[in-house]
Amino acid sequence: MALSSSPSSSSLKSHTDSVFFRIQYCYMFIPLLLFASFATVAAGAQLRNVRCLTDSSSEDSTSRRTRRSLLDNGLALTPQMGWNSWNHFNCDINETIIKETADAMVSIGLAALGYRYINIDDCWGELNRDAKGNLVPRASTFPSGIKALADYVHIKGLKLGIYSDAGIQTCSATMPGSLGHEEQDANTFASWGVDYLKYDNCANTGTNPKERYRKMSTALLNSGRSIFFSLCEWGQEDPATWASSIGNSWRTTGDIKDNWDSMTSIADQNDKWASYARPGGWNDPDMLEVGNGGMTTEEYRSHFSIWALVKAPLLIGCDICSIDNVTFQLLSNKEVIGVSQDKLGAQGKKVKKDGDLEVWAGPLSGNRVATILWNRGSSRANITAYWYDLALKSSTLVDARDLWAHSNQSSVQDHLSAQVEPHACKMYILTPH
């Protein structure tokens, strides 16, 4: 989260008309934590950039130890799900909102679907540290303190997240950052019972982010508590290429805004880094805007579908205490959530583009394929995914499950086509016979 203009992301390479993908399993004795990547090719389907998580030859010994520690903690084996206060409330937060959100998460059934984290974003603390250098919850908005709030959330069976910054101040400039106080703040968060840290990038003094974020990572690992570490570096230094040894997720883009252009642009920017996602560490194109009112229902459906396919964090950004039925139905689709949380942990990506008509796809466990036909244009259109777009043999028969219509097509061969409304999508799981 940055209150100033979001930094520009690295320019993206253009996609060819089709991108082929396959999954290759590692040897039997290697743990089943692996990921798959799609490879762009001129003809035929080839596999490249498929690595086991234990293949860390390019990492130094410290990175390998940190990586093992993150995985040993059992964190982020699937992308995180929950809620974050920023997109809807910005700085207008208090402990009552957090408690009511935790209550609603349970009472309306979202917690049972896997939404577990209740994350407080910026503006929860006082402007200055106390005499001992500790962060202090703002007395006017969090009078009971963070420890009492964590206890409340934990009783609900949920987890509490908090926010800090790898700089001297947070992005709101209303409270201190953790630069130079990493160990002290990590210990404070652990003592409060915090389960998740979103770590932003404002007021960073120009210090190398790899150094700043690694310090906090080490401090969290030494705090005595398993704390999910979410890097919010905005993708400035391509964190997908280095953050897997440091954290559980890393922002690949600037901040999302609640409109179609922002959401689609961020989806494209994040797509570049698909091969780096894996169980334990995920690309993060920012939080969900579903339900905040800036997009149509079909645009929000596309937003949620793409985020699920690309294994992005599913962090709700609306006020769930006043959630409407349409928004609830989008956020509670068990079949779409199942794609996000699939145990294979391979990020889907764009495999075909024809103007505004796109096919996105990704491998799932059980040799299945998740596929999205996405119409980014302004008029209704037919979109076709051919089996060669999906690295399937043209003779392969599949059963196609429509995840939004909850309907089936049996023994489909060679291709899958559908009429798709403007800014809408169709999402399927293809199961080969």
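**Strands, helices and a cavity**

Tutor: Thr371 has Tyr428, in β20, as its bridge partner. The model in view is a predicted one.

Student: How do you know that strands β15 and β20 pair, and in which direction do they run?

Tutor: Strand β15 (residues 369-375) and strand β20 (residues 425-432) are joined by 6 bridges and run antiparallel. Pairing requires at least two bridges, so these strands count as paired.

Student: What makes up the sheet that contains them?

Tutor: The sheet is open and has 6 strands in the order β13-β14-β15-β20-β17-β18, with antiparallel pairing. At its edges stand β13 (349-354) and β18 (407-413), each of which pairs on one side only. On average, neighbouring strands in this sheet are turned by 25° against each other, direction ignored.

Student: Which helices lie against these strands?

Tutor: Helix α7 (residues 260-271) lies across β13, β14 (357-363) and β15, at about 140° to β15. Helix α8 (residues 297-309) also packs on the sheet, where it touches β13, β14, β15 and β20, and its direction makes about 150° with that of β15.

Student: Why is Gly294 called partly exposed?

Tutor: The relative accessible area of Gly294 is 40%. Buried means under 20% and exposed means over 50%, so a value of 40% places Gly294 in between, as partly exposed.

Student: Where does Gly294 lie, and which residues does it touch?

Tutor: Gly294 belongs to the loop between β11 and α8. With residues up to four places away in sequence left aside, Gly294 touches Asp258, Asn259 and Tyr300. The C-alpha atoms of Gly294 and Lys257 are 8.6 Å apart in space, although these residues are 37 apart in sequence.

Student: Why are β11 and β12 described as standing at the edges of their sheet?

Tutor: That sheet is open, with 8 strands in the order β11-β10-β9-β8-β7-β6-β5-β12 and parallel pairing. β11 (282-284) and β12 (314-316) each have a single partner strand, so one side of each has no neighbour in the sheet. Here too, neighbouring strands are turned by 25° against each other on average, direction ignored.

Student: How do you know that β9 and β10 count as a pair?

Tutor: Between β9 (residues 228-231) and β10 (residues 249-251), which run parallel, there are 2 bridges. The requirement is at least two, so these strands meet it. Within this pair, Ser230 stands opposite Ser249 in β10.

Student: Which residues of α4 are buried, and what covers them?

Tutor: Gly145, Ile146, Leu149, Ala150 and Val153 are the buried residues of α4. Their cover includes α3 (95-107), β6, β7 and α5 (182-192). Helix α4 (residues 145-155) lies across β6 (117-119) and β7 (159-165), at about 145° to β7. Gly157, with a positive phi near 85°, follows α4.

Student: How many cavities are there, and what makes a space a cavity?

Tutor: The whole structure holds 3 cavities of 30 Å³ or more. A space is called a cavity because a 1.4 Å probe fits there but cannot get out. The largest cavity has about 80 Å³ of space.

Student: Which kinds of residue line the largest cavity?

Tutor: The lining divides into 4 nonpolar, 3 polar and 4 charged residues. Among the lining residues are Lys198, Arg251, Asp284 and Asp286. Asp, Lys and Arg count as charged, so these residues belong to the charged group. Ser230, which stands opposite Ser249, is also one of the lining residues.

Note on methods. Residues numbered from 1 in each chain as written. Predicted model: local features only at pLDDT ≥ 70, side-chain atom pairs only at ≥ 80, totals over all residues. Heavy atoms only, no water. Helix = DSSP H or I, 4+ residues; strand = E, 2+ residues; numbered from the N terminus. Axes fitted to C-alpha atoms, helices over the stretch in contact; angles between N-to-C directions. Contact = heavy atoms within 4.5 Å. Buried < 20%, exposed > 50% of the residue type's maximum accessible area, 1.4 Å probe, protein only. 1 Å grid on protein atoms, 1.4 Å probe; cavity = no way out; pocket = protein on both sides within 12 Å on 5 of 7 lines; lining within 4 Å. Points joined across faces, edges and corners; volume = space filled by probe spheres on them.
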